[in-house]
Amino acid sequence: MTFVSEIVFIFLFCVLFKIQYNYRRYKLTLKIKDKYLRWLDNEEAVSDMNTYTSIILKLFKDAKINDIHLPTTTTIGYNRAVSHQISIYQNLLYRTDQIIVNVCDMFDEAVGYYRSAYKEAFNPLYWIEVIVLLPKHIMEYFDMNTEKLNAKIINVMFTGIWWLICIFFTCFKSEIFQLIQSFLQKLA
């Protein structure tokens, strides 16, 4: 297998993986949202809804949906009340209008995220952007906030190094291949 065919094979594998991975999550999110809505209508229709909590949270977090904290007030007796905030993530299956509306919105946001993620795999401009901005995508993969100043500086440095490597590889491609082949022959 030649080097070019290996690169094409790896690229096609990445495209197919991205499509399959995100399409599967898209369908799973739709399925669990349907269960959630049926559970809201009739709690006994989906008696095991609490077993889906960890899956729902994982789908939301992977879709980059942040937790929402709602202000609430609880009476504690003697004409006193306590104001505090409750997390949607920690109260997914709590049946209040505010939580239900927010959870449904989060499901819709996750569905949209996964749908666009698997569809962008068909777009060649997406793949060009990934190659051009590879260091940025790697930083985002490791959850580094690319909006902070130090992350921006690191991103610019890594992007510069990435482009120097690409230019170096392009200019000296044949010499690099010969060097690698001679090295592999010495090992064998």
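Predicted model: local features only at pLDDT ≥ 70, side-chain atom pairs only at ≥ 80, totals over all residues.

Trainee: Let us begin with the cysteines. How many disulfides does the structure hold?

Mentor: In general, a disulfide is a covalent bond between the sulfur atoms of two cysteines. In this structure there are zero disulfides.

Trainee: Are Cys104 and Cys171 buried or exposed?

Mentor: Cys104 counts as buried because its relative accessibility is 16%, and buried means under 20%. Cys171 counts as exposed, with a relative accessibility of 53%, since the cut-off for exposed is over 50%.

Trainee: How should I read the charged side chains, and how many salt bridges are there?

Mentor: The general idea is that side chains of opposite charge can pair when their charged atoms come close. The structure holds six salt bridges. One of them is formed by the side chains of Lys18 and Glu120, at 3.1 Å from N to O. This pair links distant parts of the chain, 102 residues apart: Lys18 belongs to helix α1, and Glu120 to the loop between α3 and α4 (124-132). Lys18 is buried, at 13% relative accessibility, whereas Glu120 is partly exposed, at 29%.

Trainee: Which residue forms a salt bridge with Arg25, and which helices hold the two partners?

Mentor: Arg25 pairs with Asp62, and their closest N and O atoms are 2.6 Å apart. Because Arg25 lies in helix α1 and Asp62 in helix α2, the pair ties together parts that are 37 residues apart in sequence. Arg25 has 9% relative accessibility and counts as buried; Asp62, with a relative accessible area of 27%, is partly exposed.

Trainee: What does the salt bridge between Asp108 and Lys33 tie together?

Mentor: The closest N and O atoms of Asp108 and Lys33 are 2.4 Å apart. Asp108 is partly exposed at 41% relative accessibility, while Lys33, at 19%, counts as buried.

Trainee: Let us turn to the nonpolar side chains. Which residues of the largest nonpolar core touch the most other members?

Mentor: They are Tyr36, Ile56 and Phe60, in a core of 28 residues. Helices α1 (3-41), α2 (53-62) and α3 (97-119) are the elements that give two or more residues to this core. The largest share, nine residues, comes from α3. Leaving aside neighbours within four places in sequence, Phe60 is in contact with Ile65, Tyr89, Leu92, Val103, Met106, Phe107 and Ala110. Another core, of six residues, lies apart from the largest one and includes Val15, Ala121, Tyr126 and Val130.

Trainee: Which element gives the most to the lining of the largest pocket?

Mentor: That element is α1, with eleven residues. At least two lining residues each come from α1, α2, α3, α4, α5 (134-141), α6 (149-171) and α7 (173-187).

Terms used
Residues numbered from 1 in each chain as written. Heavy atoms only, no water. Disulfide = S-S within 2.5 Å. Buried < 20%, exposed > 50% of the residue type's maximum accessible area, 1.4 Å probe, protein only. Core = buried A, V, L, I, M, F, W, Y, C linked by side-chain atoms within 4.5 Å. Helix = DSSP H or I, 4+ residues; strand = E, 2+ residues; numbered from the N terminus. Contact = heavy atoms within 4.5 Å. Salt bridge = Lys/Arg side-chain N within 4 Å of Asp/Glu carboxyl O.
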